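Please brief me on the aromatic pairs in this model and on one strand residue with its contacts. Keep it short.

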Amino acid sequence: MGHFNDESDVYGLIGRLIQDLAADRELEPKFRRADTTVQFRLHDPEAQITVDMCPQREMRVDLGPSELDPEVVMSMAADTAPRFWLGKVNVTVALAKGHIVAKGPVAKILRLVPLVQPAFGRYEQLLRDAGRTDLLGPVRSGAPAGSNARA
């Protein structure tokens, strides 16, 4: 069994993190400069989080089904997602090995990578506050052993 019980567990942790990031007055303008709609598709359990970061619209985060049309799609196992949001996944290696599959314009995908860095500390604190230190575990595939790779 994976780290998450079901999709509501994913939304309560990862979804909440993304909602908090989108609501941050300092980060929101940076996200909007990405000028895209991104969808994180997770499997085992199935969950999706869609984020509209287009400057001409209000920032929006949909947990679950969404009528938003994502320009960028990032797919990964739900067990990879906590390590991604903690900065423990070398994104380049994970993409090369297929642990993360990204679809969409490469330039837009590359713009998103530095935007997730402010999430690392916040996600760790969110997990600690929720009593989910099980998700802070050791680095596994996707990042070299002993690495806390930041992409």
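**Aromatic pairs and a strand residue**

The count of aromatic pairs comes to 3. Rings of Phe, Tyr and Trp (its six-membered ring) pair if their centres lie within 6.5 Å; planes under 30 degrees apart count as stacked, over 60 as edge-to-face and the rest as tilted. This is a predicted model: local features need pLDDT of at least 70, side-chain atom pairs count only at pLDDT 80 or more, and totals for chains, interfaces and linings use all residues. Residues are numbered from 1 along each chain as its sequence is written, and side-chain values use heavy atoms, leaving out hydrogens and water.

**Phe-40 and Phe-84**
- The ring planes of Phe-40 and Phe-84 meet at 55° with centres 6.5 Å apart, so this pair is tilted.
- Phe-40 sits in strand 1 and Phe-84 in helix 3 (residues 81–85), 44 residues apart. Helices (H or I, at least four residues) and strands (E, at least two) are DSSP runs, numbered from the N terminus.
- Phe-40 has a relative accessible area of 10% and Phe-84 one of 7%, so each is buried (under 20%; exposed is over 50%, partly exposed in between; 1.4 Å probe, protein chains only).

**Phe-40 and Trp-85**
- Phe-40 and Trp-85 pair edge-to-face, 5.4 Å centre to centre and 65° between the planes.
- Trp-85 is in helix 3 and Phe-40 in strand 1, so the pair ties together parts 45 residues apart in sequence.
- Phe-40, Phe-84 and Trp-85 form one aromatic cluster.

**Thr-37**
- Thr-37 belongs to strand 1 (residues 37–43).
- Thr-37 is buried, at 4% relative accessible area.
- Beyond its neighbours within four places in sequence, Thr-37 has contacts (heavy atoms within 4.5 Å) that include Thr-50, Met-53, Arg-57, Leu-68 and Val-72.
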